[in-house]
Amino acid sequence: MPELPEVETVRASLEPKLVGHRFEAVEILDSRLTRPVDPAEVAAELVGECVAAVDRRGKYLIVRFESGLVLLIHLRMTGTLAHSRNGAASKSHVRAVVRLDDGSDVTYRDVRRFGTWLVLRADELDAYFSARLGLEPLEPGFSAAGLAERLAGRRAPVKAALLDQRTLAGVGNIYADEALWRARIDPRRPAGQLDAREIRVLHRGIRRALEAGIARQGATLRDYRTPDGSSGSMQNEFKVYGRDGEPCLRCGRPIEKTRVGGRGTWFCPGCQR
Ligand SMILES: [Zn+2]
């Protein structure tokens, strides 16, 4: 599933292709993408709209139009966006196509069909996000004190707390494991038991893990591709995720796999306390 670094890579790649361009034609081929709204209605709303900006909040892509409308895209499990000039290379699992006024196409594919497209007005965004999303971990305003406040008193394992999008927006299974390894914290510890020093180290670990993912264009495990069709390379540099049985890069003990909050979780029993 794409997490913050993957969605940020998609955003940065689409931004120069979209900003200043008009949606000339919009085809939505799967009603699950827009339900409960009729896909034809959504397509009609988007036609003629000119893109002012492409932003991100957590794992959401935000296409802002000059009119004040926004298109909110969530890729969920397997959604991908591709930009191409000569028609899509592959026709499989195409759920929507946007033809831009320069003749290029943005093609949305989704094998599992959990992704969503939602049209809102810009003044509805704050309410939409505040009900769903917590701190934005790469914003300058994300502080160790803010993280401490969100974790205080929580009995859930710290990994489960990090996966809760209302705590931190954009962190998923991969980057939660990577951040906790960097911070030397056992993912099963109750979130509310971390002391101030551990939270500072965790705050830094979260940022570093996410920044490492962005620097490598995200992690391609299965479906994720950047909009020009290339793969990310973060999967080659995981510190702990998916490495069960391999030696810890810090202390040499074999990495173990367990389950936390129902999710596969990798950690080092030697140096994560
Ligand atoms: Zn270790």
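Is R11 buried or exposed? R11 is buried, at 13% relative accessible area (buried means under 20%, exposed over 50%, partly exposed in between, with a 1.4 Å probe and protein chains only).

## Before you dig in

This is a predicted model, where local features need pLDDT of at least 70, side-chain atom pairs count only at pLDDT 80 or more, and totals for chains, interfaces and linings use all residues. Residues are numbered from 1 along each chain as its sequence is written, and side-chain values use heavy atoms, leaving out hydrogens and water.

## R11 and its salt bridge

R11 pairs up with E8 in a salt bridge, 3.0 Å from N to O (that is, a side-chain nitrogen of Lys or Arg within 4 Å of a carboxyl oxygen of Asp or Glu). The two sit three residues apart in helix α1 (residues 4-18), so about one helical turn separates them. Helices here are DSSP runs of H or I with at least four residues, strands are runs of E with at least two, and both are numbered from the N terminus. E8 is buried too, at 15%.

## Other salt bridges

By this rule there are 20 salt bridges. One of them links D55 and R64, with the closest N and O atoms 2.6 Å apart. D55 is partly exposed at 26%, and R64 is partly exposed at 28%.

Another joins E237 and R216 at 2.5 Å, N to O. Both lie in the loop between α7 and β9 (256-260), so the pair ties together parts that are 21 residues apart in sequence. Then there's a network: salt bridges with shared partners join E8, R11, E15, R56, R57 and E136.

## A closer look at E136

You'll find E136 in the loop between α3 (125-130) and α4 (144-151). E136 is buried, with a relative accessible area of 10%. A polar atom of its side chain lies 2.9 Å from the backbone nitrogen of G58.

Leaving out residues up to four places away in sequence, E136 touches L4, R56, R57, G58, F142 and A169 (contact means heavy atoms within 4.5 Å).

Helix α4 has A144, G146, L147 and L151 as its buried residues. Looking down the axis, they fall within an arc of 160°, so they line one face of the helix (the arc is taken from the directions from the helix axis to the C-beta atoms). They pack against α5 (158-163) and α7 (196-215).

The face turned away from that buried side carries exposed A145 and E149. Just after α4, G153 takes a positive phi of about 75°.

How values were computed. Polar contact = N/O pair within 3.5 Å; in protein donor to acceptor, adjacent residues only side chain to side chain.
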